[in-house]
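I opened this notebook to record what I looked up in one structure. The entries are kept in the order in which I made them.

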Amino acid sequence: MSLETLWLGLLGLLLAGYFVLGGYDYGAQMLHPFLGAPDGSPDGRKAERAGRNAALDAIAPFFLGNEVWLVAFAGVLFGAFPHLEGTLLSGLYPLIVAILVGLVLGNAAVQLRGRAHSTRGRRYWDALIVFGGAVPALCWGLVLGLLLHGMPRRADGSFHIGFGEVFSPFVLGCGVTTALLFAAHGAAFVALRSEPGLAVRARRLGAGLVRAAGAAGLLPLLLTLFGAGASMTNRATSAVIAALFAAALAGAWWYLSRGHHVGAFAATCCATLLPVLLVGAGHYPYLMISSAGAGLTIDQAVTDGATLKILSAFGVLMIPTIIAYQTWSWWAFRGRTGHRHPSYF
């Protein structure tokens, strides 16, 4: 296996790790207002507040740490694949900006919500928290849809997107499917981390979201079968990955329906990382494809061999450090959350 392929695998690993770990952050943010059980009584209002806090408490110890995977992905993209970085960021500029805006607003809202002294103020921050989860989740799905379908390419070789490409049925279907999948992933995580009463509500909500994600995913699939969807270079590999994705969704629904929280979370983890594998393995050796058929290959996108060898020394240290940090974080904050900790949001 060549050094270029190894670095491409590392790039995909970092993005997949971010989808898995950042995905449940987005999902928990989107579900934040919907986990309460109000019935009008004082106890009902208390349960509602506890449910609203449950989603944030579940992600609190990992919230900003999960962004490390995105930073590492961007670093590898800039260092090892400078030609892809220039093409990707310029071609997808509107969506990248929307993702960053959602991240900034969502992170700020999560941090500032606890400082609100009125119900109206908390509702304002609640809305921004949902916005900060939904917009990046939807936009990442749109990015995946564009990469799968292919983007128009100019005469100078650069890729660009317009209104018609982003709001095509296939790309919109991918965006909605990804947003619903991340929401289901967040529900599975909240169910895994919360006390039993809230866990039941989270898993029921998650089971419905998994069904909705599966239904939304039928549109991109049908469009692809009729020649108006994804343009895959390796069709057999893509079909296998798509089948695994469907199996992961089915497994997530089965586990959530029966209250097996660990299995449900493992299944949603698989479902969130498989779209990244579909883009990478389905298009290999192309990293980006054009809607006209031509594309940007790995040899055209990667930096020179000498630079890759220098970067490899940093990669050997970077990946184990990130994995060790994430492992320690999960171990240190293992178990279910029950009551809000003073240091939480």
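**Entry 1. Overall make-up**

I note at the outset that this is a predicted model. I looked up the secondary structure and found 13 helices and two strands in the chain. The chain has 345 residues, and buried residues make up 51% of them. I then turned to the contacts between residues at least 6 apart in sequence: 81% of these join residues at least 24 apart.

In soluble globular proteins, nonpolar side chains tend to be buried together.

**Entry 2. Empty space**

Rolling a probe the size of a water molecule over the atoms shows where empty space is left. I searched the whole structure for cavities of 30 Å³ or more and found one. The volume of the largest cavity is about 30 Å³. Its lining consists of Asp25, Tyr26, Gln29, Phe63, Glu67, Gly102, Leu103, Asn107 and Gly132. Helix 1 (3–31) and helix 5 (93–113) are the elements that give two or more residues to this lining. Sorted by class, the lining has three nonpolar, four polar and two charged residues.

**Entry 3. His261**

Is His261 buried or exposed? I find His261 buried, because its relative accessible area is 13%, where buried means under 20%. His261 lies in helix 11, which covers residues 261–283. A polar atom of the His261 side chain lies 3.4 Å from the backbone oxygen of Ala191.

**Entry 4. The cis peptide bond**

I looked up the peptide bond from Tyr284 to Pro285, which is cis, with omega near 5°. Pro285 has its place in the loop between helix 11 and strand 1 (286–289).

**Entry 5. Thr303**

I located Thr303 in the loop between helix 12 (298–301) and helix 13 (305–332). Thr303 is buried, with a relative accessible area of 14%. Its side chain makes a polar contact with the side chain of Asp304, at 3.4 Å. Not counting residues up to four places away in sequence, Thr303 touches Gly79, Ala80, Pro82 and Leu308.

**Entry 6. Val176**

Which residues is Val176 in contact with, leaving aside neighbours within four places in sequence? I find Leu138 and Ala216. Val176 lies in helix 8 (residues 169–193). I class Val176 as partly exposed because its relative accessible area is 41%, which falls between the limits of 20% and 50%. I also looked up the separation of Val176 and Gly141: they are 35 residues apart in sequence, and their C-alpha atoms are 7.0 Å apart in space.

Notes: Residues are numbered from 1 along each chain as its sequence is written. This is a predicted model: local features need pLDDT of at least 70, side-chain atom pairs count only at pLDDT 80 or more; totals for chains, interfaces and linings use all residues. Side-chain values use heavy atoms; hydrogens and water are left out. On a 1 Å grid over the protein atoms alone, a cavity is a set of points where a 1.4 Å probe fits but cannot get out, and a pocket is an open set with protein on both sides within 12 Å along at least five of seven lines; lining residues have an atom within 4 Å of a point. Grid points are joined across faces, edges and corners, and a volume is the space filled by probe spheres set on the points. Helices (H or I, at least four residues) and strands (E, at least two) are DSSP runs, numbered from the N terminus. Ala, Val, Leu, Ile, Met, Phe, Trp, Tyr, Cys and Pro count as nonpolar, Asp, Glu, Lys and Arg as charged, and the others, Gly among them, as polar. Buried means under 20% relative accessible area, exposed over 50%, partly exposed in between (1.4 Å probe, protein chains only). A polar contact is a pair of N or O atoms within 3.5 Å; within protein, one must be able to donate a hydrogen and the other to accept it, and residues adjacent in sequence count only if both atoms are side-chain atoms. Contact means heavy atoms within 4.5 Å.
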